[in-house]
Amino acid sequence: MKQLLTIVLAALLLAACGETYEEKKRISRQQRLKMMREDSAALKVAVLPTLDCLPLIVAKEQGLFDSLGADVRLKRFMAQMDCDTALVRGRVEGSISDLVRTERIISRGTSLDYVTSTGAYWQLLTNRTARIRDLKQLDDKMVAMTRYSVTDMLVDWAVDSAKLKEERVFKIQVNDVGIRLRMLQNNEMDAVWLTEPQAMEARLSKHRMLADTRRMDWKMGVLAFRKKGMDDKNRQKQLKVLKKGYDMAVDSINRHGVRHYSELVVKYCGVSPEKADSLPRDMKFEHMAAPRQKDIDQARKWLKK
């Protein structure tokens, strides 16, 4: 009798454990589905570990989007091409990019709206061991860039400016901005085009700067959104909140300075805390405004070549 009772109790215990496990699985599935629904309904923006994303980062981290009544989520990537893929496939609604890349996306059939230009600028950094002092010395050298992007166009600009033969300057595609910097630091690349804060890190390591797009009056950074799916009331409300939160973040950054948000730069851009104290003091951001037509035309002209 005791043995039978023991068997019955063991069976009941196993059944209870089985029900608990199944219940846990059911709850887990429900939680995953809920998270997926929430993520689908949120306004998602692809960002890179670069300072042109700082207004979005500040607005998100300070809860500005939440306080204004919209769920805006930042999706972090290390390469522009990954941002493009997410944008084209509809995994995000918007993306930080440059006009060369976005104009190419448009030409390939994905309609985009430009929400604003950004404060992005690019610098040409040459390896300190290569002793390159002017653009002419890029002859027979390797330059890291991303194909069909502003950095690709900038390599052509350098070649034309120095009157070099195109085939004598070797474009090396390195999409990940962190890897591009490390290749310069490890003496694996003669020159690279970088934006901040990667350019800052290269300068701190005594790599020589040969060009800066600010001196050329190029404003190629952009925040673009897919047109598809953005016309319903909820998306329009989210976009309105994003614009308001972005401008509020810009005001805060310009008032306090980029270094005031060094912890966020460390978190999102991978800069070491020691180097964060060297972030540009003079970097200012502008309220949301459409990119200039002359910059759009310049990108289109290069793409047609």
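Trainee: How many cavities of 30 Å³ or more does the count give?
Mentor: This is a predicted model: local features need pLDDT of at least 70, side-chain atom pairs 80 or more, and totals for chains, interfaces and linings use all residues. Residues are numbered from 1 along each chain as its sequence is written, and side-chain values use heavy atoms, without hydrogens or water. A cavity is a set of points on a 1 Å grid over the protein atoms alone where a 1.4 Å probe fits but cannot get out. Of 30 Å³ or more, the count is two.

Trainee: What is the volume of the largest cavity?
Mentor: Volume is the space filled by probe spheres set on grid points, joined across faces, edges and corners. For the largest cavity it is about 160 Å³.

Trainee: Which residues lie closest to the centre of the largest cavity?
Mentor: Lining residues have an atom within 4 Å of a point. Of the 17 lining residues, the closest to the centre are Leu48, Gln80, Trp122, Val177 and Thr195.

Trainee: How many charged residues line the largest cavity?
Mentor: Asp, Glu, Lys and Arg count as charged; Ala, Val, Leu, Ile, Met, Phe, Trp, Tyr, Cys and Pro as nonpolar; the others, Gly among them, as polar. The lining has six nonpolar and eight polar residues, and the charged ones number three.

Trainee: Which helix gives the largest share of the lining of the second largest cavity?
Mentor: This cavity has a volume of about 30 Å³. Its lining has eight nonpolar, no polar and no charged residues. Val155, Ala158, Val159 and Trp193 are among them. The largest share, three residues, comes from H6.

Trainee: Is the pair of Trp157 and Trp193 stacked or edge-to-face?
Mentor: Rings of Phe, Tyr and Trp (its six-membered ring) pair if their centres lie within 6.5 Å; planes under 30 degrees apart count as stacked, over 60 as edge-to-face and the rest as tilted. The count comes to one aromatic pair. Trp157 lies in helix H6 and Trp193 in strand S8, so the pair ties together parts 36 residues apart in sequence. The centres are 6.4 Å apart and the planes stand at 70°, so the pair is edge-to-face.

Trainee: What is the bridge partner of Leu124 in S9?
Mentor: Four bridges join strand S5 (residues 122-126) to S9, and the two run antiparallel. In S9, the partner of Leu124 is Ala211.

Trainee: In S3, which residue is the bridge partner of Ala46?
Mentor: The other open sheet has the order S2-S1-S3-S10-S4. Two bridges join S1 (residues 43-47) to S3, which run parallel. The partner of Ala46 is Ser95.

Notes: Pairing = 2+ DSSP bridges. 1 Å grid on protein atoms, 1.4 Å probe; cavity = no way out; pocket = protein on both sides within 12 Å on 5 of 7 lines; lining within 4 Å.
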